[in-house]
Amino acid sequence: MEETNELYREPKYTMRWLGLQTLYVLGISIVLALIASGLDGFALGRQESGLLPGNRYEYVSQSITYCFAVIAITSMSLMLIEVAFRKGINYLQYGLIGCALCLFNLLLLAMSEKMSFWIAYIVVSAMTIALVSCFVMGLTKNIKAAILSTIILAVEYGLIIVLVYMGSMALLIGSLSLFVLIAVAMYFTLKLKVENEELVLK
Amino acid sequence: MIPVNTIIPPPLPSEYRKPVSYGKKIFMMGLMCCVLMFGVLAIWLMSYSRETSNKEVAVSIVNQWGKSVYIQGATAKENLDSAEWVRPQKFDCKAEVETKSLHRSIYEAEVFTANVNMSGTFDRDSLRALGDTVVLELGVITKQIVKLNPLKICEQEILWHKSDYYLFAKVKLDELPETIEFSTYFEVRGSEALFIKQIGENSTVTINGEASNPSYNGYSLPIERSLRGSRFSAKWEDSVPDGVIYTDELGFVGTNFLVGVDRYQMVERSMKYSFIIIILTFISVLFVEIMRKQPIPLLNYFLIGAALIIFYSLLLSFVELIPFGFSYLIASAMTVVLITGYMWKILQSRKLGLSIGSVLSLMYLFCYIMLSISTYALLFGSVLLFFSLAAMMYASLKIKNS
């Protein structure tokens with residue numbers, strides 16, 4: 001009887017799940033990005049009161065604009081990790097990870113008041129990456145999934161600091177990386193197969 | 001024992017496919033197009049803000065090179081401070097304009113250098129009324145002058161003196177003939193506009209050179225003008241009745257030049273066709289789906305639409321570095337290759353992938369043609385839409401209703 005139970009499990013990862021999950025992820029990304037844009041005004045206030053020296057406000061404000069992309073891309077790759085490693089991550093946990101990525105901006109603002117921007121950036125991104133990948137490790141109990149999420153986050157944050165420092169060339173690099181991102185997404189949808197109504201990553 | 005909630009009907013045999021409801025799918029696709037248009041809007045806003053900042057930088061580059069050039073003169077005066085002045089009898093001014101663009105990282109501004117040849121005649125008797133020695137004055141911002149030849153009066157060379165806003169030279173009237181001929185030559189740097197005052201009783205002003213989009217302006221329109229490629233030429237003639245004195249604003253004729261570059265306008269114009277490109281691509285993929293009876297999930301449509309939108313982002317970023325034609329070519333080639341490869345892999349058919357790719361490249365080609373021919377764009381576009389509708393009708397004939 002246990003075997004039948006195993007065989008006729010209700011499919012969880014269906015196309016419908018993928019659609020709903022994508023909508024949910026985009027929703028929390030928009031909400032958190034709005035909160036982060038509130039931080040932008042806060043940073044401006046700190047600069048005016050003389051607490052944020054030099055042109056660090058420009059850098060902080062620019063890295064805040066990428067908040068939406070970071071949360072959306074990280075959550076979507078978590079969805080892929082979920083499908084690939086077959087470990088459920090619930091809505092609350094997605095929300096918590098989004099909050100950690102949003103808190104990154106506040107930490108960055110606070111740290112860059114005390115030290116130069118790039119040191120603050122490295123410290124804060126290391127903190128955030130460590131937190132999120134430990135959380136993923138705890139959720140999936142799988143070292144591969146944790147390493148994968150570390151790599152994804154490190155690439156995202158590395159790209160953002162390049163974009164922040166590039167100035168006028170940022171648009172070119174940004175749109176090229178969007179192109180690569182679309183290509184990667186296309187690659188994963190090709191690998192995503194539906195077997196017995198269940199999504200499988202092959 | 002089986003728990004209640006796990007009693008599920010066994011999976012359906014694999015040959016069975018749930019029928020796809022195309023009406024619902026087309027509705028969802030329309031909705032998706034509207035969502036994707038927000039992406040286009042975002043890129044349009046980005047292009048607009050970059051255009052604004054580019055204009056600001058262009059103005060600052062231009063101010064270092066030189067502002068608008070206003071040439072006023074030459075006139076004769078008793079001394080520099082006197083308000084009374086005598087105009088030349090004949091005045092002839094030829095300006096040869098060479099435009100070039102200055103770059104500062106991704107920013108660009110159009111400036112020019114004008115070679116001005118000026119000649120004319122004064123009546124000696126009217127100058128005598130001012131005194132034995134008169135001062136010839138030529139109004140132009142001297143900071144912008146890069147090369148200056150001395151004033152020539154009846155084969156005699158007199159050096160110009162420079163003040164901030166004019167050049168002047170002292171002329172002794174003894175031993176000069178009845179009609180005093182004068183001529184001079186100088187090179188001046190500037191931007192935006194070149195205006196020359198018709199100062200003589202009979203004046204001829206000629207401006208010619210190369211510029212992308214000159215517009216004639218000022219007191220009167222040119223009596224002769226021609227435009228061949230980017231080479232333009234314009235001629236003004238005027239004669240002043242006795243006793244009429246132009247005030248400072250009147251009498252200037254010349255051309256305005258564009259300072260900024262119109263590359264952002266090209267990107268924004270090409271964005272007008274984004275909706276139709278997305279719709280037509282979706283329809284051709286849908287036809288393939290219906291004919292092959294192989295369902296393609298909406299997720300894949302979304303990715304194709306996103307790739308079509310990133311085309312504009314790529315175009316915008318390339319156009320700041322290289323000319324528009326090349327950037328259009330590179331961006332469209334990247335997009336077409338990506339979508340062709342994707343369709344090839346989804347449908348597992350090289351033929352279908354390549355045919356989608358050729359439809360896309362045709363669309364991009366036609367869009368480029370429409371961007372280059374602005375006057376016939378509407379006619380060409382509507383004829384193209386007619387033919388694409390005909391092609392769709394032909395393709396729908398092949399769908400058998402079952």
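User: Which residues touch the most other members of the largest nonpolar core?

Analyst: Phe282(B) and Met343(B) do, within a core of 60 residues. A nonpolar core is a set of buried Ala, Val, Leu, Ile, Met, Phe, Trp, Tyr and Cys residues joined through side-chain atoms within 4.5 Å. The model is predicted: local features need pLDDT of at least 70, side-chain atom pairs count only at pLDDT 80 or more, and totals for chains, interfaces and linings use all residues. Side-chain values use heavy atoms, without hydrogens and water.

User: Which helix gives the most to this core?

Analyst: H5(B) does, with 15 residues.

User: Why is the pair of Tyr328(B) and Tyr364(B) called edge-to-face?

Analyst: Rings of Phe, Tyr and Trp (its six-membered ring) pair if their centres lie within 6.5 Å; planes under 30 degrees apart count as stacked, over 60 as edge-to-face and the rest as tilted. The centres of Tyr328(B) and Tyr364(B) are 6.4 Å apart with planes at 80°, so the pair is edge-to-face. Tyr328(B) lies in helix H6 of chain B and Tyr364(B) in helix H7 of chain B, 36 residues apart.

User: What makes Tyr328(B) count as buried?

Analyst: Buried means under 20% relative accessible area, exposed over 50%, partly exposed in between (1.4 Å probe, protein chains only). Tyr328(B) has 5% relative accessibility and therefore counts as buried. Tyr364(B), at 3%, also counts as buried.

User: What makes the pair of Phe117(A) and Tyr121(A) tilted?

Analyst: The pair has 5.9 Å centre to centre and 40° between the planes, and is tilted. Both residues, Phe117(A) and Tyr121(A), are buried.

Notes
Residues are numbered from 1 along each chain as its sequence is written. Chains are lettered from A and ligands numbered from 1 in the order in which they are written. Helices (H or I, at least four residues) and strands (E, at least two) are DSSP runs, numbered from the N terminus.
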